[in-house]
Amino acid sequence: MASVPDSVPVNDDVEQLLLNPEGHLEAITETADLFKALATPSRLKMLLVLTHGEATVTHIVEATGLSQPLVSQHLKFLRGLHLVGVNRIGREAYYSLKDDHVAHIIVDAIAHTIEAHEH
């Protein structure tokens, strides 16, 4: 069985999950939901925009070429999964990634894909 490389930081909660996956089915299910959210090219493009910092719906629409209703629908979904947060200033809503973990997952996956094509 492969082990987690020493270069990958693992906190105590994750260590417990690695040692006893059956005892942490809720966390595993939520992680599967995260990967489902990232499996849609539209949502992945939107999250890539947010890796650069806060953005309005208008900015996300312009950066991705997606329609405004689709962006709004995906943002609602991503907020429900606690991947994206919103900061309202007056009438404007600024969306951002909830934490750096999401950005790391996306960037690592893209790096993996690019490296796989180079070999």
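**Exercise 1.** Which elements do the buried residues of α6 pack against? Work it out on this predicted model.

*Solution.* Start with the helix itself. Next, pick out the buried residues of α6: V102, A103 and I106. Looking down the axis of α6, these buried residues fall within an arc of 100°, so they line one face of the helix. That face packs against α2 (25-38), α3 (41-50) and β2 (92-97). Now turn to the other side of α6, where D100, H101, D108, H112 and E118 are exposed. To finish, look at the N-terminal end of α6: D99 caps it, with a side-chain oxygen 2.9 Å from the backbone nitrogen of H101.

**Exercise 2.** Find the residue with which K36 forms a salt bridge, and describe the pair.

*Solution.* The partner is D33, and the closest N and O atoms are 3.7 Å apart. The cut-off is 4 Å, so this pair qualifies. The count of salt bridges comes to one. As for accessibility, K36 is exposed at 55%, while D33 is partly exposed at 27%.

**Exercise 3.** Locate H82 and comment on its phi.

*Solution.* H82 sits in the loop between α5 (68-80) and β1 (84-89). Its phi is positive, about 65°, although H82 is not a glycine. Most residues other than glycine have a negative phi. With 57% relative accessibility, H82 counts as exposed.

Conventions. Residues are numbered from 1 along each chain as its sequence is written. This is a predicted model: local features need pLDDT of at least 70, side-chain atom pairs count only at pLDDT 80 or more; totals for chains, interfaces and linings use all residues. Side-chain values use heavy atoms; hydrogens and water are left out. Buried means under 20% relative accessible area, exposed over 50%, partly exposed in between (1.4 Å probe, protein chains only). Helices (H or I, at least four residues) and strands (E, at least two) are DSSP runs, numbered from the N terminus. The arc is that of the directions from the helix axis to the C-beta atoms. Contact means heavy atoms within 4.5 Å. A polar contact is a pair of N or O atoms within 3.5 Å; within protein, one must be able to donate a hydrogen and the other to accept it, and residues adjacent in sequence count only if both atoms are side-chain atoms. A salt bridge is a side-chain nitrogen of Lys or Arg within 4 Å of a carboxyl oxygen of Asp or Glu.
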